[in-house]
Amino acid sequence: MNPIITVFSKGIEKSGIKPSKVSVPSDIPFGSEVVNHLGVDFFHTIRGRAIPFGTGLKLGNPALKVVPFVGDLMTLGGNHFVHAGRRNMELLVICVNNFVYRKIGGQPAPSTPVTFSPYSTFEEPFNIPHLGNSCGAVYTARWTALHTDELANSIAEALNKQGLSVIEVLSPGPNYYTKIEDIESNLINFYYENSVIKNGEDPKNARITPEEKIVVGKFTDKERPTFIDSYNAQLSKVLGDKFTPYGGKNG
Amino acid sequence: MKANPKDVNTGVYYIDGDVSSGYGALAAGCKFVGGYPITPSTEAFEAVCRRGPLVGAMFIQMEDELGSIASVVGASWAGVKSMTITSGPGFSLMMETIGFGAMLETPFVLLNIQRGGPSTGVPTKTGQADMMQSRWGSHGDYELIAISPDSPQEMFDYTIKAFNLAERYRCPVMIMSDECVGHMTEKVVIPPADEIEVEPRRFYDGPINEYLPFKPDEDLVPPMVKAGDGYKLYITGLIHDERGYSIKNEEYKFIYTKRLVDKIRLNKDKIIELKEEETDDAEVVVVSYGISSRVAVRGIEKAREKGIKVGSLRLVTVWPFPDEKIAELAKTIKAFVVPEINYGQIAFEVERCSHGEANVILVPHGGAGVHNPDDICDAIEYAAKEKKRIEGVIEYKTKLEKLVFEEGYKLHE
């Protein structure tokens, strides 16, 4: 986890945005106090609600850059994710995918292609960049935790995008019954060595399976009006001068 | 502080309770409403969506109530007064985040226009059966404030009060109204802005590096800051210390939980608002709230016509509960009569606080309608005649119950 935070810090620096203007709501799996030292505001929310909490932060103060760090993204947060894409809510969703419920013993997640659970898993995992792209995200990418430069660049780019950006980061997640140091260094190298960079690839071809190489890269980069853009456009059209477009600090 | 004239639509209106509450929220300075449409609260959300953009308030119709309440907590931390609007099923979905809001000491207002439950129940008709849920619905120990208005005018006035209390005590405040009050259309007078008292957010004004997000002032309430101002906030739903960092030991759990409940309990006298009538020489006191207090007025009148000395205690603030007031009255009267649209919620609180010194008679109602004032009058009459002290809550059998259960009323004819 901590290497990703270092990269996140680099990404913010590259983006030219002041850390104090960055707010990071997270859900339960991601609760690191390290984030605090980056100079951002950090909110450790509840399971699955980092995106709607972030939506409130953004709409409460549109000058903020809101970066939900999510782990329960595809379970409790699934519907919020889908709708954030539909609205093109201005959020950078960073999904740290460790393929597993690490903190509570190693149960399979909806992003798990293989698992340590007793009889392995038999459900089809979500392809997160593909789902994000289909729902209307303007930016999607996937990197492993060792693609540090690429990831930092992606974060910097996405922070300056207008709309929903989704970055999936593959990171090791051993369960309790393995020697953590061993598996962490092995897995992180395993992901890195078994990945292939395909920028611009259609994310639907970027399914993660145990048999094939993991496709990483920047998949989507497009423009669409954001929620606030559409809100202002529609209400200005209907209300004319009576409406002051929302935005800036507290409208 | 006085309300901002831009936010207040001063005038005399003929509107329903829902719309009135929406106008009240905007007059209080509410600048963010996240909601999800649900009968019978929709008119309140619509009122805000219509008028909000004209006064710089943002609204969003979220994907569900889980999202709407989370967005409200988020917006509050972005520094704006915020609110959500819902009814029974949505209220149930919001529970986890209400506890989260209480834990983070986040000011926000929740308007619950209660309907008949459980489950989908009777969406278009009234109920008062969420009262205990508003108090105990989320897991863990916390205290919050709940208000129960009984007219469209009060929906305006007490929505403003709800915002003031939320900001004052940094906690969620529930407006526990119901379908009858929400859909009741009456005259509502919206005063000029300079007659509306509005509590501003209690922002911290000391040096930036010395700010501790959960260090309380003398009244146990910590001042707040907002995201984006360089305070490097670390805010978590885990038990935390004054810095906001999670601390998992037993001592901190005590310290934190105690303050979370004490900031409401020890400020009870300043929070609680009651409307008391003719209780001085009363032998029976009717304890009521919300729409039931409107119906009780007629029941009380009828009982007085029969020469019974009956007083009224209306709970405008339901939570925190006025324990001391009930205990004090119990010593001087024979009995309490508690009409409510449920099978006993507040009646049990009244019984708890009366310490066995007065009988407690519940006049129940199954929901989807209001009491017949005759039932309240009869219950008062019974209460005045009963000489024995009877333990527990006495469930009064209403006319409708007798009709349905005893007199062979055929439901399907």
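Residues are numbered from 1 along each chain as its sequence is written, and chains are lettered from A and ligands numbered from 1 in the order in which they are written. Because the model is predicted, local features need pLDDT of at least 70 and side-chain atom pairs count only at pLDDT 80 or more, while totals for chains, interfaces and linings use all residues.

**View 1. Chain A as a whole.** Chain A has 7 helices and 11 strands; helices (H or I, at least four residues) and strands (E, at least two) are DSSP runs, numbered from the N terminus. Of its 251 residues, 50% are buried. A residue is buried if 20 or more other C-beta atoms lie within 10 Å of its own, exposed if 12 or fewer, and partly exposed in between, with C-beta atoms placed from the backbone. Among contacts in chain A with a separation of 6 or more, 63% join residues 24 or more positions apart. Two residues are in contact if their C-beta atoms, placed from the backbone, lie within 7 Å.

**View 2. Where chain A touches chain B.** The contact involves 37 residues of chain A and 38 residues of chain B. On the side of chain A, two or more residues come from each of strand 1 (22-26), strand 2 (41-44), helix 2 (50-60), helix 3 (78-87) and helix 7 (227-239). Helix 2 of chain A gives the most, with 8 residues. By class, this side of chain A has 14 nonpolar, 18 polar and 5 charged residues. Ala, Val, Leu, Ile, Met, Phe, Trp, Tyr, Cys and Pro count as nonpolar, Asp, Glu, Lys and Arg as charged, and the others, Gly among them, as polar.

**View 3. A strand pair between the chains.** Strand 2 of chain A pairs in the parallel sense with strand 10 (residues 234-236) of chain B, over 3 bridges. Two strands pair if DSSP finds at least two bridges between them. Opposite Phe43(A) stands Ile235(B), in strand 10 of chain B.

**View 4. Helices 3 and 4 of chain B.** Helix 3 (residues 65-77) and helix 4 (residues 88-103) of chain B pack at an angle of about 30°, with their axes 8 Å apart. Axes are lines fitted to C-alpha atoms, for helices over the stretch in contact, and angles run from 0 to 180 degrees between N-to-C directions. The two helices are therefore roughly parallel to each other, the word used for angles under 35 degrees. Residues making the contact include Leu66(B) and Ile69(B) of helix 3 of chain B and Leu93(B) and Met94(B) of helix 4 of chain B. This contact has 8 nonpolar, 3 polar and 1 charged residues.

**View 5. Helix 12 of chain B.** In helix 12 (residues 346-353) of chain B, 6 of the 8 residues are buried, so this helix is largely enclosed by the rest of the structure. Its buried residues are Ile346(B), Ala347(B), Glu349(B), Val350(B), Glu351(B) and Cys353(B). Just after helix 12 of chain B, His355(B) takes a positive phi of about 50°.

**View 6. Val404(B).** Val404(B) lies in helix 14 (residues 399-405) of chain B. This residue is partly exposed, with 14 other C-beta atoms within 10 Å. The C-alpha atoms of Val404(B) and Met83(B) are separated by 41 Å, and the two residues are 321 residues apart along the chain.

How values were computed:
Angles under 35 degrees count as roughly parallel, over 145 as roughly antiparallel, 65 to 115 as roughly perpendicular and the rest as oblique.
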